Amino acid sequence: MRGRILIPLPNTGSMGRKRNNFYMRSIFLLALCIFGLLQYHNFNYLESRDTVLGDAVTNDSDDAILAMVPATLHKYLTPHSRNHSTAAVTGAMGGAPLLLNTSSSGAATATTISFDVYHPPNISEIKRQIVRYNDMQLVLNEDTFGPLQNDSVIIVVQVHTRITYLRHLIVSLAQAQDITKVLLVFSHDYYDEDINDLVQQIDFCKVLQIFYPYSIQTHPHEYPGVDPNDCPRNIKKDQAMIRNCNNALYPDLYGHYREAKFTQTKHHWIWKANRVFNELEVTRFHTGLVLFLEEDHYVAEDFLYLLAMMQKRTKDLCPQCNVLSLGTYLKTFNYYTYHSKVEVMPWVSSKHNMGFAFNRTTWTNIRRCARHFCTYDDYNWDWSLQHVSQQCLQRKLHAMIIKGPRVFHIGECGVHHKNKNCESNQVISKVQHVLKIARTSHQLFPRSLTLTVPSLSKKTKLRKGNGGWGDLRDHELCLNMTLPTR
């Protein structure tokens, strides 16, 4: 059979090199694709974790929220109404009145127990109780946890009327490490016996109640409440002069007259700070930190641990820092990246006014600038404090801030915000879920802190106040409340 005879070409090596180059390029491209897929997977995984932390859909029913709380703390979430009557009791007993055998001889005699309808105290009684509490300065649970140490943390909670949020704050505090060492001070601007009962139930640390004595509740028809002769908010100055209403000469910088419901918060803040640092006997020799919270805050279980760690690290990380901040208003919380990272910057009222702490030295410097605080035409205490920092303090307020927050804002409603559901469980459930994931992934209680360089931001400019604070009566009352009485 005839056919073509295949003659092998001489092997010069070029074919082999091309083949090897092809294999190498293929292997390189394959490795590059695998690396890219791994990076993409890792990126998506981190993003999904952050989404879980920040935007997870959680069950916000009452039962689900209660299930996230240890059973021993359910008592703080259970309302106990004072408005008992005979009808309420008989209803609870299936329609039958509650009977007691009162016969000493054993005869089958029964007496119906009757309950008077609960009547809240009137203004005169409330004033008497406020004076009594403030004079007594009774520290609850001191026999159990011992006296306050000079360097212990004092936590001051400003309380108004939102008892539902306050219940959850108390539950979060109860679960915090080292809470037994603190003094927990509740500063009230509204006297409510249900709130008092709740606070006096606390058994996990020392507790003290103080009551702001110049509230709208106790002065409903006179300054600092609403005097009938006060100038209406929107009346023009010339009309106010004709009417000769109170303080007609002094509208705020926007031409408006005072509103008591807005001025009270700033008065209360400066009063409670002065009360804690300068007037209470239990704090006379205290040199440690005072941490400021509000009734609609919620704390992580390691917040005291982090606060102590931040305080120790100020010497080397931020010698100029005189404020420590544990809170944030961010809607998402990246614990996987920021749980142990801190940054330092000048104190900014709109960013660092939640869960912040300072000591007596810083307070003394602030109090020396009381005139700047009390005459600045802004009804917000935090903007007024920033004005003090920028205009009066020789050593301006400088903050160390934890980037993974340990104090959260759970309040949906307040002075500035009124939502349809002011007792919404949505935010409370979300915070519980965030902290559960942080706990199970070991993102709480870091062993060390790392200082990060904050992104460059524009220098905070001096600005006009928000107004609402032009009334000279407010200036005078505020100044009088910064005078030490010891």
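## Annotated binding site and model basis

In an unreviewed UniProt entry, the annotation "binding site" covers Gln158, Val159, His160, Thr161, Arg162, Asp189, Gln264, Thr265, Lys266, His267 and His268. UniProt positions are given in the numbering used here, feature names are shortened, and annotations may be inferred rather than shown by experiment.

The model is predicted: local features need pLDDT of at least 70, side-chain atom pairs count only at pLDDT 80 or more, and totals for chains, interfaces and linings use all residues. Residues are numbered from 1 along each chain as its sequence is written, and side-chain values use heavy atoms, with hydrogens and water left out.

Gln158 lies in strand β3 (residues 154–159); helices (H or I, at least four residues) and strands (E, at least two) are DSSP runs, numbered from the N terminus. Gln158 is buried at 9% relative accessibility, where buried means under 20% relative accessible area, exposed over 50%, and partly exposed in between (1.4 Å probe, protein chains only). Leaving out residues up to four places away in sequence, Gln158 has contacts (heavy atoms within 4.5 Å) with Ser187, Thr265, His268, Trp269, Lys272, Leu293, Glu294 and Glu295. Its side chain makes a polar contact with the side chain of Lys272 at 2.7 Å. A polar contact is a pair of N or O atoms within 3.5 Å; within protein, one must be able to donate a hydrogen and the other to accept it, and residues adjacent in sequence count only if both atoms are side-chain atoms.

Lys266 belongs to helix α9 (residues 260–278) and is buried, at 0% relative accessibility. Not counting residues up to four places away in sequence, the residues that Lys266 touches include Phe373, Tyr376, Asp378 and Trp469. The Lys266 side chain reaches the backbone oxygen of Tyr376 at 3.3 Å.

Asp296 sits in the loop between β6 (290–294) and β7 and is buried, with a relative accessible area of 3%. Beyond its neighbours within four places in sequence, the contacts of Asp296 include Arg162, Tyr165 and His409.

His409 is placed in strand β12 (residues 407–409) and counts as partly exposed, at 32% relative accessibility. The side chains of His409 and Asp296 make a polar contact (2.9 Å). Outside four places in sequence, His409 touches Asp296, His297, Tyr329, Met354 and Val427.

## His297

His297 is found in strand β7 (residues 297–299) and is buried at 2% relative accessibility. Its side chain reaches the backbone nitrogen of Glu294 at 3.1 Å. Among the residues that His297 touches, not counting those up to four places away in sequence, are Leu169, Met354, Phe408 and His409.

## Helix α7

Within helix α7 (residues 193–200), Glu193, Ile195, Asn196, Leu198 and Val199 are buried. The buried residues of α7 pack against α4 (123–136), β3, α6 (163–174), β4 (183–188) and β5 (206–211). At the start of α7, a side-chain oxygen of Asp192 comes to within 3.0 Å of the backbone nitrogen of Asp194.
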